[in-house]
2 protein chains.
Amino acid sequence: MKPIQHTQSSCRPVVEILDRISDKWTVMVVNQLGGRTMRFSELKREIDGISQKMLTTTLRGLEYDGLVTRTVYAVVPPRVEYSLTDLGRELQVPLMELGKWAIDNRDRMLAARDRFTERESTVR
Amino acid sequence: MKPIQHTQSSCRPVVEILDRISDKWTVMVVNQLGGRTMRFSELKREIDGISQKMLTTTLRGLEYDGLVTRTVYAVVPPRVEYSLTDLGRELQVPLMELGKWAIDNRDRMLAARDRFTERESTVR
DNA sequence: CCGGATCCCGGTCGATACTG
DNA sequence: CAGTATCGACCGGGATCCGG
């Protein structure tokens, strides 16, 4: 009968949600999709380094979670468009800040890595 | 000689940084570590579902990236303490907002999943 | 041709056991 | 207590095939 420490992190459910939204490709896709509607190939072109398989998987997950809408046009060649839902646009707010942090602090992280490596080589 | 579209997402470097900071366990560790210093076992206890291996790996990565400080006390039993650096505390700001979003919108995501599943079964 | 499904392979993750 | 070692399971990436 231990008292439950209700810190946010000791909850399995939160981990489960974080596992979906704090994924590298999820962050990239939601940030890229921001605002406007985009085609599959357009997303693939813009998001550097993503494989078509992972883009498909990520978009399916986002659709399942109600963050993205998928619209198929029965034309040839096929045309499939993706856009954020309301929930997706709300998620985009914290994700964009994360992306901004990444851009702003990249150099500091790289510098820290250099210091770490250098420190290691002097200690040994 | 194609013109470079300098949208944030088409930069490999940003993907590389995002890959490190938008990782499930990284988010959990930084959020848990917020403010105060913690021991290895304390982190392991608080972060639900993390394995000792992934905690070690994640902490090593965070140390390498200059986000966390690792302090070893030469006592027996061993005592190793971890705390956020200045850079880590700055990263914590967007990460906590992401965690907050996860908590606030969990139900909406679960509801969306139900709708998705239901829709699938009716279409078929 | 576009969007995506499938197969194979290599790397990563997790559980368990062991050590200073 | 705070890790390392090991091994099987799973996941991501690339190549290839396919349906409209």
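Leaving aside its neighbours within four places in sequence, which residues is I21(B) in contact with? In this predicted model, I21(B) is in contact with L98(A), W101(A), A102(A) and M109(A) of chain A, and with T26(B), V27(B), L91(B) and L95(B) of chain B. Contact here means heavy atoms within 4.5 Å.

Before I continue, a word on conventions. Residues are numbered from 1 along each chain as its sequence is written, and chains are lettered from A and ligands numbered from 1 in the order in which they are written. Because the model is predicted, local features need pLDDT of at least 70 and side-chain atom pairs count only at pLDDT 80 or more, while totals for chains, interfaces and linings use all residues; side-chain values use heavy atoms, with hydrogens and water left out.

I21(B) also belongs to the largest nonpolar core, which has 62 residues. Those with the most contacts inside this core are L18(A), I21(A), L43(A), L18(B), I21(B) and L43(B). A nonpolar core is a set of buried Ala, Val, Leu, Ile, Met, Phe, Trp, Tyr and Cys residues joined through side-chain atoms within 4.5 Å. Buried means under 20% relative accessible area, exposed over 50%, and partly exposed in between (1.4 Å probe, protein chains only).

Let us turn to the interface. Here 50 residues of chain B are in contact with 49 residues of chain A. The area buried between the two chains is about 5100 Å², and carbon and sulfur atoms give 66% of that area. Buried area is the accessible area (1.4 Å probe) that two parts lose on being put together, summed over both. In chain B, Y64(B), W101(B) and R113(B) lose the most area to chain A, together 13% of what that side buries.

The rule finds 10 salt bridges across this interface. A salt bridge is a side-chain nitrogen of Lys or Arg within 4 Å of a carboxyl oxygen of Asp or Glu. One salt bridge joins K24(A) and D19(B), at 3.7 Å from N to O. Helix 5 (86–123) is one of the helices of chain B that each supply at least two residues of the side touching chain A. Helix 5 of chain B gives the most to that side, with 19 residues. Helices (H or I, at least four residues) and strands (E, at least two) are DSSP runs, numbered from the N terminus.

R89(B) pairs with D86(B), the closest N and O atoms being 2.8 Å apart, and the two residues lie three residues apart, about one turn of the helix. K100(B) and D104(B) meet at 2.6 Å, N to O; because they are four residues apart in helix 5 of chain B, about one helical turn separates them.

My last two residues lie in loops. S22(A) sits between helix 1 (12–21) and helix 2 (24–33) of chain A, and S22(A) is buried, with a relative accessible area of 1%. P77(B) lies between strand 2 (68–73) and strand 3 (79–84) of chain B; at 60% relative accessibility, P77(B) counts as exposed.
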